[in-house]
Amino acid sequence: MPRAIVIDGEFGFDNLRLIERPRPRPGPGQVLLRMRAASLNYRDLLVARGQYDPRQPLPLVPLSDGVGEVEECGPGVTRVRQGDRVCPIFAQKWLAGTPTRAELRSTLGAPLDGALADYMLVSEEGVVVPPAHLTDPEAAALPCAALTAWSALVTLGALRAGQTVLVQGSGGVAIFALQFAKLGGARVIATSSAAAKRERLLELGADAVIDYRADERWGKTARKLSGEGVDLVVELGGAGTLAQSLAAVKPGGTVALIGVLAGHRAPVDILPLVMQGVRVQGIFVGHRESFEAMNTAIAEHELRPVIDRVFPFEEAREAFEYMADGAHLGKVCLTLRH
Ligand SMILES: NC(=O)c1ccc[n+]([C@@H]2O[C@H](COP(=O)([O-])OP(=O)(O)OC[C@H]3O[C@@H](n4cnc5c(N)ncnc54)[C@H](OP(=O)(O)O)[C@@H]3O)[C@@H](O)[C@H]2O)c1
């Protein structure tokens, strides 16, 4: 019997349960995916703890990100064929352009059932083919973290070679942002609280690293390292880091607001934004068209996502706890064996 892991009854990692359920049948325009791998994002921790949307109905299959093989196509499907390896897209209905509210609500792993299951049933419109050179865990790392970094730097950031990018921490989004920035010929200043991770960030191509715990005014340090200031900040801390990001960014530069690792509510001094014409750009993952463009770049450069650790499907709870501990660098993934 096919398996799924669900958050059941109440929120909390203790309530992740393995269940069995019948194999779904694809309807018109749908594809049935036999899942091979999945990956965790910080959002999945918030979802499982009930902090993302406390009103989310349960049970819920968590995780937005995965990769699977098309096992069966419903009537009328033309975009993919049986046997294709595909990733479901984060916002199932957001295909291109500016999203509608309904498109923004069509996200996997909350409110829609996600990737932590033997089978996923999705619309043929809601999948993309990942680069062929990637392993399954590497492909499963792309839909949220990689696309978010791509949207911030390329789709909405219009990054140019020679510019300077500041990335915060060494998690999934940060490492993809570092990789894409280097791919585009930018300089990268990275921050991390751990010495071993700072070493690794340098190996991955960072031009300078800062310990954001030891250096409370790391924003000013980043500005000094970059002359006038950085062109683009990949803002992942949120409320707790925004003031330093504003100290780091150059006049006319961009702060791409993405994360809430250090909270989402804080007073903001808008003077530096106004007086220096800083652009604040909210980022919500991205659309299918961007995902496909990103895949082309990843394939062309044979870029490999940085995978910290791969857990078996059966150890999903351990994977959640490992990710929550924050010792990882890059992505935490899961594999499914059938
Ligand atoms: N808006 C969107 O569309 C979108 C999409 C994806 C993710 N996000 C958000 O982006 C953030 C990162 O997600 P993720 O999945 O990449 O998380 P992750 O892999 O769990 O990242 C964890 C890392 O972030 C760093 N970190 C923690 N607190 C920090 C702080 N105060 N300042 C700087 N770095 C800090 C730590 O790095 P060190 O150990 O090196 O210090 C930590 O290891 C989350 O808030 C997530 O919700 C938003």
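Strands themselves (E, at least two residues) and helices (H or I, at least four) are DSSP runs, numbered from the N terminus.

Two remarks on the source. This is a predicted model, where local features need pLDDT of at least 70, side-chain atom pairs count only at pLDDT 80 or more, and totals for chains, interfaces and linings use all residues. Numbering starts from 1 along each chain, as its sequence is written.

A word on angles. Axes are lines fitted to C-alpha atoms, for helices over the stretch in contact; angles between N-to-C directions run from 0 to 180 degrees. Contact between two residues needs C-beta atoms, placed from the backbone, within 7 Å. With that, look at α5.

Next, the domains. The bounds come from an automatic or database domain assignment. Domain 1 covers 3-143 + 286-335, and domain 2 covers 157-282. Their centres, taken over C-alpha atoms, are 27 Å apart. How many residues does each domain give to the contact? Domain 1 gives 10 residues and domain 2 gives 10 residues. The side of domain 1 that touches domain 2 has 6 nonpolar, 3 polar and 1 charged residues. For these classes, Ala, Val, Leu, Ile, Met, Phe, Trp, Tyr, Cys and Pro are nonpolar; Asp, Glu, Lys and Arg are charged; the others, Gly among them, are polar.

On to a helix pair. The axes of α4 and α10 (residues 288-300) come within 10 Å and cross at roughly 90°. Angles of 65 to 115 degrees count as roughly perpendicular, under 35 as roughly parallel, over 145 as roughly antiparallel, and the rest as oblique. So α4 and α10 are roughly perpendicular to each other. From α4, the contact uses A146, L147, W150, S151 and T155. From α10, it uses S290, F291 and M294. By class, that contact has 5 nonpolar, 3 polar and no charged residues.

Now the ligand. A residue is near a molecule or strand if its C-beta atom, placed from the backbone, lies within 6 Å of it. There are 33 residues around the ligand. Which of them come nearest? G169, G171, S192, S193 and G259. The elements giving two or more residues to this shell are α1 (42-49), α4 (142-155) and α5 (172-183). The shell divides into 16 nonpolar, 15 polar and 2 charged residues. Domain 1 and domain 2 each supply at least three residues to the shell.

Last, some backbone details. The loop between α1 and β4 (65-73) holds P59. The peptide bond from L58 to P59 is cis, with omega near 0°. L63 is found in the loop between α1 and β4 too. L63 is not a glycine, yet its phi is positive, about 80°. Another cis peptide bond joins A110 and P111, with omega about 0°. P111 is in the loop between α2 (101-104) and β6 (119-123).
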